[in-house]
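Please look at the sequence and the structure together before reading on. The paragraphs below are meant to be followed with both in view.

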Amino acid sequence: RYAGRRDEAPRPLLLAALMGALREVVDQRNVNLVNVHHVAAERGIETAFTRVDGPGELGEEVELRLEGGDRSVRVGGALLGEVQGRIVRIGAFRVDVAPRGHMVVLRNRDVPGVIGRIGTLLGARKINIANFSLGRSEAAARAGKASGGGTGAEAVCVVHVDTRVPEPVLKELRKIPAVVVAKAMRL
């Protein structure tokens, strides 16, 4: 889904999203913006895009939804001004994340102490945190304020780090009782 004033924007955004989604599945040398739609169709991947007239809530916005079987992923981004892109949604959670560098994306229960345990574990493994972004659903944020503490509902955090986080460290993060999912990525 694209919200903005550029009539030509949805198609190249869809093609770039397909390339990103197929990156780990198909040999990158054989996929490009010219043929990626055909490559996706050969694999039974259906695509569609929607253009919403005018800017979205944050200006020019893009939302990507991937669905397959019983799984679904939703990520939203916004272009603030002409140059500053931000990830503004991961699943049901509002976030404010610069899409660059090494990151760890975690889904966790919203309870006290999670941030400290994550930071302590990464620090003990000599992995420096450059930025830490949190996202809660709007209902969880209201409930947390009302209760004076965490809600126990799910939340998401994105940790920018200076170096790649190895799989053994991700496994340790997943052992933190409140952590549901921990994945490393690089943009």
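The text that follows goes from a helix to salt bridges, then to a strand residue, and ends with nonpolar cores.

The model is predicted, so local features need a pLDDT of at least 70 and side-chain atom pairs count only at pLDDT 80 or more, while totals for chains, interfaces and linings use all residues. Residues are numbered from 1 along each chain as its sequence is written, and side-chain values use heavy atoms, with hydrogens and water left out.

Helix α1, residues 10–22, contains 13 residues. From its first C-alpha to its last α1 reaches 18 Å, close to the 18 Å expected at 1.5 Å a residue; the expected span is 1.5 Å times one less than the number of residues. Which residues of α1 are buried? They are Pro10, Leu14, Leu15, Leu18 and Leu22. These residues lie on the same side of α1 because they cover an arc of only 130° around the axis, the arc being that of the directions from the helix axis to the C-beta atoms. Buried means under 20% relative accessible area, exposed means over 50%, and partly exposed lies in between (1.4 Å probe, protein chains only). The cover over the buried residues of α1 includes β1 (2–4), α2 (36–42) and β2 (51–53).

Attention now turns to charged side chains. Side chains of opposite charge can pair when their charged atoms come close. A salt bridge is counted when a side-chain nitrogen of Lys or Arg is within 4 Å of a carboxyl oxygen of Asp or Glu, and this rule gives eight salt bridges. One of them joins Arg86 and Asp96, at 2.8 Å from N to O. Arg86 belongs to strand β5 (residues 84–90) and Asp96 to strand β6 (residues 93–97), 10 residues apart. Arg86 is buried at 15% relative accessible area, whereas Asp96 is partly exposed at 46%.

Arg136 and Asp110 form another salt bridge, with their closest N and O atoms 2.9 Å apart. Because Arg136 lies in strand β8 (residues 129–136) and Asp110 in the loop between β7 (102–109) and α3 (114–124), the pair ties together parts that are 26 residues apart in sequence. A salt bridge also joins Glu172 and Arg125 (2.4 Å, N to O). Glu172 is in helix α5 (residues 167–174), and Arg125 is in the loop between α3 and β8, 47 residues away. Glu63, Arg65 and Arg74 are linked in a network of salt bridges.

Arg89 is found in strand β5 and is buried, at 14% relative accessibility. Its contacts (heavy atoms within 4.5 Å), leaving aside neighbours within four places in sequence, include Glu63, Arg74 and Gly76. The C-alpha atoms of Arg89 and Gly76 are 4.6 Å apart.

The last topic is the nonpolar cores. A nonpolar core is a set of buried Ala, Val, Leu, Ile, Met, Phe, Trp, Tyr and Cys residues joined through side-chain atoms within 4.5 Å. The largest has 18 residues, and those touching the most other members are Val104, Leu106, Ile118, Leu122, Val159, Val165 and Leu173. At least two residues each come from β7, α3, β9 (154–161), α5 and β10 (179–186), and α3 gives the most, with four. A second, separate core has nine residues, among them Phe93, Met103, Val156 and Val158.
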